[in-house]
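Colleague: I have a model open on my screen and would like to learn how to read it. Could you walk me through it?

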Amino acid sequence: MLSYKEVFSKWIFFSAVAFENNKDNMHLDSNAFSVKNMAVQGRITVTRPFGQLSSFRIGTEIQELGYTTTFNQYVLSGDNYTGAAYMETDLYITSKIVSRLGLRQEHASLIRQNNTAPRISLSFKTSENSQASLAYGHFYQTTDKDFIRTDNHSVKFEKAEHYLVNYQLTKDKR
């Protein structure tokens with residue numbers, strides 16, 4: 001992974017890119033089987049602090065996932081391009097109460113669909129070493145490629161709705 005961060009006036013620019021390539025070759029008796037997976041990911045985020053502690057972020061992500069599966073002379077391959085745009089804000093209501101509001105828009109080429117994912121959280125600093133938080137959000141992912149190799153028009157994003165209640169205690173920097 002490569003990343004870069006720069007501060008321009010009151011804006012903070014961050015970018016990152018990662019690449020993965022894996023190939024497994026297997027042989028069983030006279031049969032040859034191989035699986036090749038490739039992934040490229042990139043992200044750009046621009047952050048604008050405001051007030052003493054609050055900030056606003058906007059960014060974009062891209063991801064390409066490619067696969068090739070071979071069994072003897074039979075080959076099956078495909079690609080999924082996912083693009084996303086997001087924005088969120090960390091809004092300090094007081095020095096001990098912070099809210100994070102966010103929205104994410106995604107598109108997946110393999111299933112030809114878009115989604116919108118709202119997210120919100122509220123954290124309360126309960127002591128110098130602890131905090132309690134509440135969070136809600138929609139999270140999506142593309143169905144695993146093994147399930148959509150033949151009919152990718154009827155498959156939709158997999159969706160999870162998260163409701164979280166959390167208490168965190170930090171001692172001795174852990």
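**Reading the model**

Modeller: Let's begin with the surface: the protein chain exposes about 12200 Å², and carbon and sulfur atoms supply 57% of it. Such areas come from the Shrake-Rupley method with a 1.4 Å probe. This is a predicted model, where local features need pLDDT of at least 70, side-chain atom pairs count only at pLDDT 80 or more, and totals for chains, interfaces and linings use all residues. Residues are numbered from 1 along each chain as its sequence is written, and side-chain values use heavy atoms, leaving out hydrogens and water.

Colleague: How many helices and strands does the protein chain have?

Modeller: Helices (H or I, at least four residues) and strands (E, at least two) are DSSP runs, numbered from the N terminus. Here there are zero helices and nine strands.

Colleague: In what order do the strands form the sheet?

Modeller: Two strands pair if DSSP finds at least two bridges between them. The order in this open sheet is β1-β2-β3-β4-β5-β6-β7-β8-β9, with antiparallel pairing. At the edges, β1 (2-8) and β9 (158-169) each pair on one side only. Further in, β5 (residues 74-92) and β6 (residues 97-108) share 11 bridges in the antiparallel sense, and G83 stands opposite H107 in β6.

Colleague: Is T70 buried or exposed?

Modeller: Buried means under 20% relative accessible area, exposed over 50%, and partly exposed in between (1.4 Å probe, protein chains only). T70 lies in strand β4 (residues 54-71) and is buried, at 18%. Across the protein chain, buried residues make up 27% of the 174 residues.
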